[in-house]
Amino acid sequence: MELFLVGTNLLQTAVLAALVFLSIRLLLKKTGSLTAVFVSFFFALWFLADIYWLVYDILRADARMPFAANEFAEAAMMLTLAAALNSAVPHGTRAAVRQVICGALFAVSNVVLWIAWSGEWVQDVITGLAFIWFVSSAVCSLKVVHALSKKEWVLLGGLCVLLIVGQGLTFFFEEPFKSSIDTGCYVLLSLIILYWLVKLIISYKRKHSAQRLMSLAVANTVWIIVAIFMSSGLIYTIYFNIETLTGVLVFLAASKVVKES
Amino acid sequence: MIYSENIFVCMIVPIIVTLIFVKGNARRLELNFIIGMSVCLLGAYVSGFFNAVSGIGVEDTAIFISPVVEEAMKFLPLFFYFYMFEPDDDGVFLAAVGIGAGFASFENVCYMVSSGAESLSFLLIRGLAVGVMHIVSVYASVFGLVIARKLKAMRISSVVGSLSLSMLFHGTYNLLVSAPGITSYIGFAVPLLMAALMLLAMRRLKRAE
């Protein structure tokens with residue numbers, strides 16, 4: 001399993017190396033594009049954080065890491081991707097007040113769960129602050145580009161509440177109920193990942209606007225981060241591989257934004 | 001135990017005296033060298049605090065937490081200079097090199113006092129690797145800031161991203177050299193390789209201007 005994880009990490013690092021190269025090429029072609037700047041920054045950080053994690057996995061996988069460079073990099077990655085999205089889909093602060101409040105509440109609930117699981121509150125608070133901003137930006141842009149219908153917003157909100165409640169309940173129940181709730185949460189997480197991926201691919205096929213694609217790609221990234229932080233073992237490895245695919249989709253959306261700008 | 005404050009005083013006094021005799025860039029470089037040594041000392045206090053609070057041990061603190069603390073300590077005076085005085089690119093890079101060299105020199109001296117200076121070959125490797133690593137890491141963060149300013153992309157995310165670049169570089173170096181054998185040799189070689197790459201990038205940046 002450990003070897004498999006290292007292999008998966010190596011694959012992601014190789015894909016990210018290619019994405020760093022491509023995003024820098026995109027930046028050199030269109031030097032005036034802020035989206036290209038921030039996306040290049042995002043991929044460079046992700047690539048370096050992956051190398052750090054790879055070395056950690058190989059040399060010191062058992063060592064406790066209360067706060068390290070990769071945690072700070074995760075926060076930086078979320079901020080740079082949020083900046084890339086905000087430059088691609090400009091919006092005012094009052095563009096989607098209700099959705100942003102709900103998104104921020106969902107992000108805060110996630111941060112509380114991370115702290116409860118790991119006990120490493122310093123790293124979780126620092127990453128969490130960036131995550132709240134990241135989720136708010138993603139939600140706001142989804143609203144601005146009208147990527148979701150009213151029904152979809154309500155459904156997504158309901159599923160988010162269900163997921164948080166489900167994960168919260170695992171603290172109060174013993175086995176075998178705990179495993180059943182966990183399984184239910186995995187099903188929910190996977191279904192929502194699938195939903196975002198299908199929506200994004202349909203959007204590509206229908207040649208929707210670059211802004212809409214970028215919003216959906218970033219929303220997909222938000223969800224994959226939620227899923228990765230909530231999973232372990234084999235499921236974690238599967239989500240980790242989907243995260244690699246998400247990186248490619250973010251690049252494709254960003255390059256479309258840059259080319260159309 | 002070493003008396004790092006005493007070493008610090010002994011090292012900075014002659015440099016402070018020479019500040020009277022030099023002018024221009026030489027003075028600026030010396031001043032930044034002193035700042036680099038000062039933030040190294042402060043960084044050691046902060047890392048010591050985190051070591052006591054986290055309880056993960058001296059070795060793991062040095063590997064995981066020190067890169068974050070040290071890079072943040074080097075970055076803060078540089079960012080203050082960059083943001084408040086808006087110097088030209090050469091001015092920022094000069095400050096970065098001064099701070100990096102000051103930091104690495106003071107750290108090397110403290111290391112020699114605590115671990116001994118018998119093996120010249122090991123000290124040469126350490127001097128080359130750590131010395132170059134501190135300069136390259138601070139250079140990387142400044143490079144991020146300069147690029148962001150050039151492309152009119154100065155945001156909180158650019159600042160945090162620039163700092164994060166240097167932390168990741170420093171953190172990976174510390175992880176690599178923490179294990180004996182081939183990984184430590186790779187670790188020692190990485191700063192030199194990165195220095196060469198940064199020089200190439202700088203040349204390209206200059207040519208683009």
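Which pattern does chain B follow when read along the sequence? In this predicted model, chain B follows the pattern α-α-α-α-α-α-α along its sequence, and its secondary structure comprises 7 helices and 0 strands. The radius of gyration of chain B is 17 Å, close to the 17 Å that the globule rule gives for 209 residues, so chain B is as compact as a globular protein of that length.

**Packing of chain B**

Taken along the principal axes, the box filled by the C-alpha atoms of chain B is roughly 45 × 40 × 35 Å. Of the 209 residues in chain B, 37% are buried, and among the contacts in this chain with a separation of 6 or more, 69% are accounted for by residues 24 or more positions apart.

**The side of chain B that touches chain A**

Where the two chains meet, 27 residues of chain B are in contact with 29 residues of chain A. Helix H3 (58-85) and helix H6 (156-178) of chain B each supply at least two residues of the side that touches chain A, and H6(B) gives the most to that side, with 15 residues. The table sets out the composition of this side of chain B by residue class.

| Class, side of chain B that touches chain A | Number |
|---|---|
| Nonpolar | 15 residues |
| Polar | 10 residues |

Notes. Residues are numbered from 1 along each chain as its sequence is written. Chains are lettered from A and ligands numbered from 1 in the order in which they are written. This is a predicted model: local features need pLDDT of at least 70, side-chain atom pairs count only at pLDDT 80 or more; totals for chains, interfaces and linings use all residues. Helices (H or I, at least four residues) and strands (E, at least two) are DSSP runs, numbered from the N terminus. The radius of gyration is taken over C-alpha atoms; the globule rule is 2.2 Å times the number of residues to the power 0.38. A residue is buried if 20 or more other C-beta atoms lie within 10 Å of its own, exposed if 12 or fewer, and partly exposed in between; C-beta atoms are placed from the backbone. Two residues are in contact if their C-beta atoms, placed from the backbone, lie within 7 Å. Ala, Val, Leu, Ile, Met, Phe, Trp, Tyr, Cys and Pro count as nonpolar, Asp, Glu, Lys and Arg as charged, and the others, Gly among them, as polar.
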